[in-house]
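Hello,

Here is the structure I promised to pass on. My notes follow below it.

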Amino acid sequence: MKVLNKTRRQFLKNFSLASLSVGLLPTIAKGNGIAAESKATLNCNLTTPDYYGEGPFYTPNPPTIQNNLLVASTEPGVRLILSGQVRTLDCTELIHNAVIDVWHANDAGAYDNVGYNLRGITYSNNQGFYMFETILPGHYLNGANYRPSHIHLKITPPGFATLTTQLYFEGDQYIPIDAAASISSGQYDATHRIIPITMNTDGKYEGTWDIVVDGNGTVGMSDLHLEKGMIYSASPNPFSDSVNINYGVFHENVVSLWVFDLQGRTVAKLEEKSLKAEKYTATWQPDSNLPKGYYFIALKVNDIQVHYIKVLKH
Ligand SMILES: [Fe+2]
């Protein structure tokens with residue numbers, strides 16, 4: 001357990017809250033006034049449709065993505081791992097079994113309009129998580145201009161309407177000149193659909209995108225209260241034998257750390273104890289026969305999941 005001095009801790013807390021506090025708050029209120037007020041600090045941005053809708057290259061009824069891989073090992077391009085959670089409109093609950101229908105261009109900017117290459121369906125699991133690995137889509141000409149790299153998605157929570165949208169990547173030179181990606185207000189606001197991607201030590205890009213849509217949240221599941229605590233980092237990541245999880249607790253509470261696999265099954269419960277507002281480090285050293293692959297580590301405060309991070313076991 002590592003303890004930082006109060007000034008440093010306060011800085012970390014303020015910094016993280018400041019960076020998380022922007023956002024559109026949907027008008028749907030749940031719970032009491034205090035809970036509703038606390039949600040003002042959530043990074044809860046309703047996922048907007050894309051101005052271009054589904055575009056001209058959608059093919060219905062794609063296959064289900066197998067083993068979280070949208071691409072064959074032979075597909076040219078830089079690998080991209082995209083993951084996140086599907087949440088209800090006020091971000092307080094997680095939606096499982098949402099259909100996530102994905103399609104995008106290949107590295108050369110071309111769509112497969114005959115077959116189903118780079119097209120597939122995945123689902124959010126019983127923790128609301130989704131993840132798939134693909135390649136970073138190439139640029140293609142749309143009239144006189146190139147479109148920024150983008151992934152098309154149709155998201156359908158069980159029993160609710162389909163949201164058709166597109167995801168973009170920070171730093172793409174074509175975003176400012178794109179008629180859809182450059183929209184920064186109103187119903188087609190793309191601001192929160194432009195995500196940062198970082199290259200991991202395996203030479204693959206990784207990006208996190210949480211989807212906020214109308215749907216039935218899982219009963220008794222997660223309220224997300226980022227003002228209660230967060231996971232700052234996991235290192236090393238990817239890891240082989242053990243990984244250190246650095247997290248912060250913002251008020252004294254009963255805190256636990258859980259590890260889930262991609263199917264949403266509980267793999268480990270690392271800690272559960274009453275902790276004061278402070279910054280902590282926990283270590284996960286899984287059994288050596290635990291399969292290699294991705295896992296989600298979730299921070300729960302009073303049994304409420306407040307934050308998560310994805311780690312890769314080599
Ligand atoms: Fe497209």
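**Notes on the model**

Asparagine 97 sits in the loop between β1 and β2 (99-104). Helices (H or I, at least four residues) and strands (E, at least two) are DSSP runs, numbered from the N terminus. This is a predicted model: local features need pLDDT of at least 70, side-chain atom pairs count only at pLDDT 80 or more, and totals for chains, interfaces and linings use all residues. Residues are numbered from 1 along each chain as its sequence is written.

Back to asparagine 97. Its phi is near 65°, a positive value in a residue other than glycine. Asparagine 97 is partly exposed, with 16 other C-beta atoms within 10 Å. The cut-offs: buried is 20 or more other C-beta atoms within 10 Å of a residue's own, exposed is 12 or fewer, partly exposed is in between, and C-beta atoms are placed from the backbone.

Asparagine 67 also has a positive phi, near 55°. It lies in the loop between α2 (33-38) and β1 (79-87). Asparagine 67 counts as exposed because it has 8 C-beta neighbours inside 10 Å.

Two cis peptide bonds to check on screen. One joins serine 235 and proline 236, with omega about -10°. Another joins asparagine 237 and proline 238, with omega about 10°. Proline 236 lies in the loop between β13 (229-235) and β14 (243-249). Proline 238 is in the loop between β13 and β14 as well.

Next, strand β8 (residues 163-169). 6 of its 7 residues are buried, so β8 is largely enclosed by the rest of the structure. Strand β7 (residues 150-156) runs antiparallel to β8, joined by 6 bridges. Strands pair if DSSP finds at least two bridges between them. Histidine 152 stands opposite glutamine 166 in β8. The β7-β8 hairpin has 6 residues between the strands, and glycine 159 there takes a positive phi near 80°. β8 also pairs with strand β9 (residues 194-195), in the parallel sense over 2 bridges. There, tyrosine 168 stands opposite isoleucine 194.

Of its 57 residues, Val86, Val102, Ile155, Phe296 and Ile297 touch the most other members. Strand β18 (residues 293-301) gives the largest share, 6 residues. Leaving aside neighbours within four places in sequence, valine 102 is in contact (C-beta atoms, placed from the backbone, within 7 Å) with Leu70, Gly120, Thr122, Phe132, Ile151, His152 and Leu153.

Best wishes

Technical notes
A nonpolar core is a set of buried Ala, Val, Leu, Ile, Met, Phe, Trp, Tyr and Cys residues joined through C-beta atoms within 7 Å. Two residues are in contact if their C-beta atoms, placed from the backbone, lie within 7 Å.
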